[in-house]
Amino acid sequence: MTDYDEIEDQDSQSISFDFRGYLFKVLNLWKFVLISIGAAMLIAYFINVRKQNVYRLESLISIENDQNPFFTANTSISFNWGGTSGKVGKIMTAIKTRTHNEIVVDSLQYYMNYLEEGKYRKIDIYKSAPFEFIIDKSKPQVLNYPVGIRFLSADEFEIFTEFEGSIASAQRFGDKSKTKVEMPSGVFSQRFKNKDTISLPFLNGQIVVKPSHKIKSGAEYFLQFSDFDGVVNGFKSKVEITPVGTSAGSILNLQLIGHNKAKIVDFLNATSEILSKTELKRKNLYATNTIKFIDSSLAAVNVNLDDYTDEMNSFRRDNKVFDVSSEISQISEELRQFELEKRNEDTKLEYLNNLELYLNTKTNYTNIAAPTSVGIEEGNVLSGVSKIVALAAERQNLEYTTKEGSDLFKELDRRIDSEKNVLLETIDATRETIGVRIRTLNNNIATLESKLSGLPEDEQQFLRIQRKLDLSQEAYDIYLAKRSEAAIVKAANISDITIIDEAKDIGGGLIGPNKSLNYMMALMLGFFIPMLLIFIVYLLDNTIHGSDEIARLSKIPILGLVGKYRYKNNLVAFEKPKSAVAESFRAIRSSLQFIFKNKKTEAGGADTLMITSSVSGEGKTFTSINIATVYALSGKKTILLGLDLRKPKIFDDFNITNEKGVVNYLIGDDEFEDIVTHTHIENLDIIPSGPIPPNPSELLMSGNLKALINKLKLEYDIIILDTPPLGLVTDALELTQYADATIFMVRLDYTKKGMLQLVNAKQRTGELKNVNYVLNFYRHKNNSNYGYGYGYGYGYGYGYGVYGNAYHEKDNQSIFKKIKAFLRRF
């Protein structure tokens, strides 16, 4: 004999996922899937109509190494910022800096929003607002709260709020400082005239109505202020900048995404314009510092010139000396030239000393004046100063985007230190060269002064004053010429950044929301989510739903199908003989004849049929009563024996009591004639189970039951045994020895699949003989419910489930019952 565990393992191995069953389950629940898709599409629709449109606009700027047209070989003051490739990286970095975006946001006042109530939200109307708010930047404005403006007429309006609480955050947009302000609790309103000064704790400024706009009485608008730093960071992260083409990378594409196209256009154009001005200012930095240096030198020379002029006038007035001889004048002129050269060399030396001190004591090298402003033409000095200023400007720009301590700073500082060390060495060498020149000039000056030493004292004094006056005048003229040259260079400078294509709203730029994608996603989710739910429910569902499942799980044949039929009692085959259910029991009776013909019993013995199930509620008693009824109506002398001693039921439908029955006979209290009841159905007798005993299993194992069965076989043609559930108690197994055939009831959508494995095991071990299934609660409409009508359902159903309407009785149902029955299908 095969062990039960081995049998169950064999059964479980044959169980696999039934894809066709899952498909039929989906088809049966097509309304649920359709409703889910409809709900998902509806949600997508509401999402689409509530989402704001998203736009992307762009502009193009060019970065060229535009040389100043006044930069020539003879121009003494010049400065080149480097090649184009270096500028592109700097510009791309500058656009993403906080400093640059602060300037743009502040210039456009994007921290102030003009709003209008829309269908689903407040809409940013920006320039479409019929008024302009002139903000008082020195006073606080409430943050993140829409302040209402209701126009009572074209010249009068009221400010209204309904703030919850008494304290709110506010910001002064002059210095960007934040503070707390007291808000009026509850409803607040106050009237103002056009251009009146509004001075409220939460709003300060003026509302000026635009002359070109007509305002309707009762129109409402809102002002909302946002945190300045938050707005800056928002635009800073949204601006995208990418090189165009691969030629030199000197053309950049600026892009910005937002909800209001006019705002995007203004921001892109403003950022390009401000970037161009900032770059020009940086480009003019060297010239600006040079002009400042020359201005300070001019002031000192001018003082000396005035003093020497006064001294000359005073000397002439006192000494009456106005001229000297031509020979003396020539010597004096030579002396003046040497003294002028010496002054120039002294100025260079002083510049170099100051430059050395500056390099050794300062860390910001962007304020160094051009060496050419004092006449230094040494190439190494000019190159060194230019490189240091450029690197210092680059480091200063990097401070806005990079944390201190970054490797980028370390690399720049290393390069600056390297250039500074080279420049300091160059300064020492240049200083020595200048020292040699000064010593030579001093010797020449001493020689000429010895020639003039023989002149009268007043003439020598006159010549000395004249030379100082000429030197000061010449120095003044030189500085003035250099300043003019620097001013011309600065004025003629043009920015390296040129706007090629301004941002403009030409009607396009819409990039979102992607409504088609939303609908597609809704369609997919609306379809696959219910499919997944059905799949999960299908996997977790352990009940039997159709005949094909039974055929897959068990080799035991299906004897017949019994439809679901609502009636007041279980006597359907007797009281409704033309119903489909009555016909199904007659079909089962016909099928049983083939089983009974092949049984091996004593001649003349009655056929015995045992009806059992896995658990209570699967239609075992209902089937017993109706099979007994159809046998009796066919002329067979039939007896229905109630052997479910634990939960007796069959007596109630025949209007008899359960006071006497099988139990009384088995314990010897009553005779056979005392327990048999003749029913109102011809040829049908019934023996109820009787009182519930304390030891039902022991009674069924007694010899009295065997004697009772033998007696019944002699007196009746067919014996129907109504037994306890096989899956709950062992009583039914004790009765299989008396049964020629066994019907195991399977109630669709109720009986568990595991019970079939139990029946398979009992049949293989010989504990159940001639066992067949009868499907209860079969519904012919569920032919699509993964296999009800396939296989057995088709053959047997044809006899009782698909007759024409004239062949069966009809129940007169009310409209309410029909609606209830319709809803029950779902």
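**Group meeting: a sheet and a helix pair**

Let us begin with G560, whose bridge partner in β25 is V774. The model I am presenting is predicted.

That bridge belongs to the pairing of β18 with strand β25, residues 771–778. The two strands run parallel and are joined by 5 bridges. In general, strands of a sheet pair through backbone hydrogen bonds, either parallel or antiparallel.

Please look next at L559, which is placed in strand β18, residues 558–563. Is L559 buried or exposed? Its relative accessibility is 5%, and buried means under 20%, so L559 counts as buried.

Turning to the whole sheet, we find 8 strands in an open arrangement with mixed pairing. Their order is β18-β25-β24-β19-β23-β20-β22-β21. The edge strands are β18 and β21 (677–678), each of which pairs on one side only. Helix α23, residues 754–764, lies across β24 (741–747) and β25, and runs at about 160° to β25.

I now move to a pair of helices. Which angle do the axes of α2 and α13 make? Helix α2, residues 19–28, and helix α13, residues 515–540, cross at roughly 125°, with their axes coming within 10 Å. The two are therefore oblique to each other, and α2 passes α13 in a right-handed crossing. On the α2 side, the contact is made by G21, Y22, K25 and V26, and on the α13 side by M531, I534, F535 and Y538. By class, this contact has 6 nonpolar, 1 polar and 1 charged residues.

Definitions and conventions
Residues numbered from 1 in each chain as written. Predicted model: local features only at pLDDT ≥ 70, side-chain atom pairs only at ≥ 80, totals over all residues. Heavy atoms only, no water. Axes fitted to C-alpha atoms, helices over the stretch in contact; angles between N-to-C directions. Helix = DSSP H or I, 4+ residues; strand = E, 2+ residues; numbered from the N terminus. Parallel < 35°, antiparallel > 145°, perpendicular 65-115°, else oblique. Left-handed = near helix turned anticlockwise from the far one by under 90°. Contact = heavy atoms within 4.5 Å. Nonpolar A, V, L, I, M, F, W, Y, C, P; charged D, E, K, R; others polar. Buried < 20%, exposed > 50% of the residue type's maximum accessible area, 1.4 Å probe, protein only. Pairing = 2+ DSSP bridges.
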